[in-house]
Amino acid sequence: MRLILAIAIAVIAITCGAVFQYKPYHTYEIAYGDQHPLNHRESAYSSITWMVSDDDNFQQMKFFDRVEGGICLRPTWDDLIALAQKEPSLRHLVPDAAARPKPMRGGPDWPHTWLPDAGTVTNSPYIRLFPIGVLLNNDVMTRAGGDPQKADVKIMVVGLGSGIGIANLAHHFPLASITVVDIDQVVEDMVRDHYPVLAWLLTQKLPSGEPRLRFEVRDARQFVRYDAKREKRPYDMLILDAYTSGSTIPPHLMTVEFFSECAGILSPDGIVFANVIGSLTGDKRLVSGGAMRSFRAAGLTHLWNFPILLPGEGPGTLKPEQSRNNIVICSRKPVDPRQNEAGWERLKHFEPYPQLARGSSISAGYVLANETVYNSALLPASLIDAALPTLKGRMLSQPRDGNKLNYAQVWFTKDRELIDQVFRVAQEAVTKGTLSELPKGWKDRGAAVNLERRETDWVLAARELFRFVVQIARDPNYSGEALVGPLEAERAAVRAPTWTIKDAPLFTDQMPNADIFNN
Amino acid sequence: MRLTALYLTSITCGFCMMALEILGARFIQPVFGSSIDVWAAIITVFILSLSIGYVAGGRIADRSHTNAALGWVILGAGVFFCLIPWYGMPLMIGLGESVHTARWGVLFAATLLFLLPSLLLGMVSPILVKLVFTGADKVGSTTGTLYAIGSVGNVLGILVSDYVLLAYVPINTTIVVMGAVLCALGLLHVARPIHATGHVTEKTVPDSDAGATA
């Protein structure tokens, strides 16, 4: 009798487990508007998905549901190759027809016959700042006669992500030799398979014989301590951009000891470029402040901070309590605007993607709004434009505030009839199957009184952000000195603590707690 | 044969215990991230449940003279294993943002999810000690061997789940399959009686479960 009871329990439990097991949230199962998963793989560190949206003009890598640096689909690599016919400064992105890698077929949930073959433009703000680490390096730039095209810079990037940062560097610095160190083989495979520009760069050599790009699957700590030290030529720039799937920096890559090991493989003028998510005065100040203080303690005493602006911010309207990407630049040589005047002059005159025309990389879509806030996500523009070709002409253009970062160009209308029409087109598209699912907020016409058409030009956005960030970073209030105070050794001599982040911790191997401060 | 069966039980339970610990950390990662807090919480819960399990298992061992109780304990663990993939994630998501963002949140969630199954597996060792016990003169070597074999199971559970299972098998599948194995093991123990042979007390127990020893 007991045995039968036991068997019954076991059978019920196993059946329930097998049948009802919870299907976890998977980014790759989500098709959303014209967003579709290009491919998905699991690794020991994360759950990795490539998402692609044609109208929103992006190919982005997601770790679980967190977005890595986004790549713009346009201009495609083909567009860049065609442009190189007229623009010799793009020849370094043109492959032999035979050597050209093709993008790998999409995964089972990829619905299109076309495959993305993205170029080098990004929709992620902090990625656009990658060139400053080279431009501020006087040794490299003097050797190159001030010309980025001739800068034979040796770069290490810790943490690959989508690979767009590498593409950005390769676009602006044809002679760069880039080493990427990432702990996750699957991330590197995903990039190689679905981002052909990078797959091609991996096969290319510089005139000096160095590879243009190589991927290393190692923990950065090990690579810096052993492999990098054995290399003949020191690194001119080190980009620290390793994040876990939980959006924290791995704690062992955020300590004084690691930073001194980094300093040990840098050339005398070498620069560390660290992407640190944190704030200047708010809760997350301990992360950014701790990073800065730890860099200085590691001997990289000259330090400058570039806070990345958020949309709506501008010179004079930066919110210091807001958590954001901060680009922390540090070096043994001066990097501040007064002592490194030449470097800052180069920043001032640098134009991101100089060969690309306005309008060559556009995201377009429609959003619904009530009087004050958006209550929908972006609905693909091509869909609406095909059904209502005169719509854009009947909308009013919204003037832009030139002093604030405002990527999108906006047209709007409050005409109820027009809004209803657009709404019906969206619903029909779902019925017909041309749209996988209505984006958030489009299921219900609701109280929306305003329809906006938003167009973002990513080439202009890159230039605008670069200009604004450099302009704002000139403000000495955001410098390392103002944020985390003088060097440890000189602290005793400073009577009043005049710096902003007074309680910045020192991250050491003994107390490597960047991740805990981030909570 | 009898000892082999008991050692196999020990190694299987040891395997499942540590495999659940490794997979459990991955299981809660989408909600709680992968920080040191997650590992601290997981390890706390498993060690704590071992501690409670040892006490409870010891009490049961003193009272029982066959492996029937062992069978029910393992079956109970198996049932939890089978059901974690069902209720685990909705339960965690249901805890809400205030728990997800608090530092103690992951400790709370790990307790809810893993305390009971690992507690049941923790009960297995003391009961097995009673069953392998053959006399006071051998108590050291028999329990020593039993612990060693259980620990080999632990080691295998860690290594196999990390190096093999994570890469090739979805977490839920692994946990359900381990649950099925535990259920089957529990059923075997319920079905095939093994009698404690150690001369622990002079008290004789009326032997109602007449039958051969396994």
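## A walk through chains A and B

Let's start in a sheet of chain A, where strand β12 (residues 362–369) and β13(A) pair in the antiparallel sense over 2 bridges. One bridge to look for joins G365(A) to P380(A), its partner in β13(A). Before going on, note that this is a predicted model: local features need pLDDT of at least 70, side-chain atom pairs count only at pLDDT 80 or more, and totals for chains, interfaces and linings use all residues. Residues are numbered from 1 along each chain as its sequence is written, while chains are lettered from A and ligands numbered from 1 in the order in which they are written.

Zooming out from that pair, the open sheet in chain A has 5 strands, in the order β13-β12-β16-β15-β14, with antiparallel pairing. Its edges are β13 (379–380) and β14 (396–397), each of which pairs on one side only. Helix α13 (residues 416–432) of chain A packs on this sheet, touching β12, β13, β15 (408–413) and β16 (450–457), and its direction makes about 65° with that of β16(A). Contact means that C-beta atoms, placed from the backbone, lie within 7 Å; axes are lines fitted to C-alpha atoms, for helices over the stretch in contact, and angles run from 0 to 180 degrees between N-to-C directions.

The peptide bond from R74(A) to P75(A) is cis, with omega near -5°, and P75(A) sits in the loop between β4 (66–72) and α2 (77–83). N57(A), not a glycine, has a positive phi of about 60°; look for N57(A) in the loop between β2 (47–53) and β3 (58–63). Y353(A) also has a positive phi, near 45°, and lies in the loop between α11 (341–349) and β12. Are these two buried or exposed? N57(A) is buried, with 23 other C-beta atoms within 10 Å, and Y353(A) is buried with 23 as well. The cut-offs are 20 or more other C-beta atoms within 10 Å for buried, 12 or fewer for exposed, and partly exposed in between, with C-beta atoms placed from the backbone.

Now for the two chains together: 28 residues of chain B are in contact with 23 residues of chain A. On the chain B side, α3 (68–94), α6 (139–168) and α7 (171–191) each supply at least two residues, and α3(B) gives the largest share, 11 residues. That side divides into 18 nonpolar, 9 polar and 1 charged, where Ala, Val, Leu, Ile, Met, Phe, Trp, Tyr, Cys and Pro count as nonpolar, Asp, Glu, Lys and Arg as charged, and the others, Gly among them, as polar.

Follow α3(B) across to helix α1 (residues 2–20) of chain A: their axes come within 7 Å and cross at roughly 20°. The two helices are therefore roughly parallel, a label for angles under 35 degrees, with over 145 being roughly antiparallel, 65 to 115 roughly perpendicular and the rest oblique. Residues making this contact include A6(A), G17(A) and F20(A) from α1(A), and G71(B), C82(B) and W86(B) from α3(B). By class, the contact has 13 nonpolar, 3 polar and no charged residues.

Methods. Helix = DSSP H or I, 4+ residues; strand = E, 2+ residues; numbered from the N terminus. Pairing = 2+ DSSP bridges.
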